[in-house]
Amino acid sequence: MKKLILILLLSPLLLLAQPKVTLQVLGSGGPESGDKRASSGYLIWIDGKSRILIDFGGGASLRFEEVGARIQDLDVILLSHLHVDHTADLPTLLKSSFFTSASGHLHIFGPDGNDQMPSTKSFVKRLFDDNDGAWQYLGDHLDGNARLQLKSHNIAMSKKEKVIYKQGDISISAVSVHHGPIPAIAYRVNIGKKSITFSGDMNGDYHTLEKLAFKTDLLVMHNAVPKNAKGVAVKLHMTPLIIGEIAKKAEAKAVVISHRMLRTLGKEKETQCEIRRNYEGDVDYANDKEKYTIPLGR
Ligand SMILES: [Zn+2]
């Protein structure tokens, strides 16, 4: 009985002790230049600090500075896959770190390679290696000579989810998703009792995201193709119907639709109808710099 009273007394304090977690969309667009959006990029703020980046496509670095994020506060970068619209601004971020107090290890996670794409480790090496990297003058960030060291990690392709990172109350899990022939990863970021899950680009064929995202507070899903998409497009991307099916199976508390492209922009009503065939929770359509504090609506 005494124990129960103590728990009841402490529970409001435990809630207060939960960190404040906010997702900020850096880039809500895809690879086109005509969508007037930065390419894919997301930032997780924890107690007011910019701690975790997910993807960093073209334009995301400008958004990063516009929203007041600091490189020196970053712990981890999670790459869903290595397409240009998810990675192009990484060199900008690394170079600009020189002008800050950023130091220690900045971890980059991404998929292992196949015959279509390099592994994440190899990708980072090809960009910055001080012998033969494209930007070899930034090689100090790999070899121990600069204050900020990039530590890259490959995530093996697997339909079994795996914890890839733990630090304090942050725990990050990853699982493979189907994005045509391109190795691709979905991530779930747990911070205390709160969670945000990122689909990345995928078409749903592996049926892994619904498990990874089970009861997540916020599920960020990529809407790169419209209702009647066919052919190669649906081998790479999920239709709105599949978005709704996955969100329902996952029992996601809310969904944010991102990676919006010219072929899906302006079709939100149609997309929403398709999603609503299965999923009844909150659905929001992302714009650059929009913020979502977890849990939504409180
Ligand atoms: Zn993409």
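Visitor: What makes His86 count as buried?
Guide: His86 has a relative accessible area of 0%, and buried means under 20%, against over 50% for exposed and partly exposed in between (1.4 Å probe, protein chains only). His86 is therefore buried. This is a predicted model, in which local features need pLDDT of at least 70 and side-chain atom pairs count only at pLDDT 80 or more, while totals for chains, interfaces and linings use all residues. Residues are numbered from 1 along each chain as its sequence is written, and side-chain values use heavy atoms, with hydrogens and water left out.

Visitor: Which protein atoms are the donors of the zinc ion?
Guide: They are OD of Asp85, NE2 of His86, OD of Asp201 and NE2 of His259, at 2.1 to 2.2 Å from the zinc ion. Donors are N, O and S atoms within 2.8 Å of the metal (3.2 Å for Na, K and Ca); water is not among the atoms, so sites may look incomplete. Along the chain, the zinc donors follow the spacing D-H-x114-D-x57-H. His86 in helix 3 (residues 84-87) and His259 in the loop between strand 12 and helix 9 (268-276) are 173 residues apart, so this pair links distant parts of the chain. Helices here are DSSP runs of H or I with at least four residues, strands are E runs of at least two, and both are numbered from the N terminus. His259 is buried too, because its relative accessible area is 1%.

Visitor: Why is the site of the zinc ion called irregular?
Guide: The angles among its 4 donor atoms span 89 to 169°. Four donors are tetrahedral if all angles lie between 85 and 135 degrees; four are square planar, and six octahedral, if opposite donors are over 155 degrees apart and all others between 65 and 115; anything else is irregular.

Visitor: How many bridges pair strand 9 with strand 10, and in what sense?
Guide: Strand 9 (residues 184-191) is antiparallel to strand 10 over 5 bridges, and two strands pair if DSSP finds at least two. Ile191 stands opposite Lys194. In this hairpin, with 2 residues between the strands, Gly192 has a positive phi near 60°. Strand 11 (residues 218-222) pairs with strand 10 in the parallel sense over 3 bridges, with Leu218 opposite Ile196.

Visitor: What makes strand 6 and strand 14 edge strands?
Guide: The open sheet has 7 strands in the order 6-5-4-3-2-1-14, with mixed pairing. Strand 6 (148-155) and strand 14 each pair on one side only.

Visitor: Is the peptide bond from Ile294 to Pro295 cis or trans?
Guide: That bond is cis, with omega near -5°. Pro295 belongs to the segment after strand 14 (291-294).
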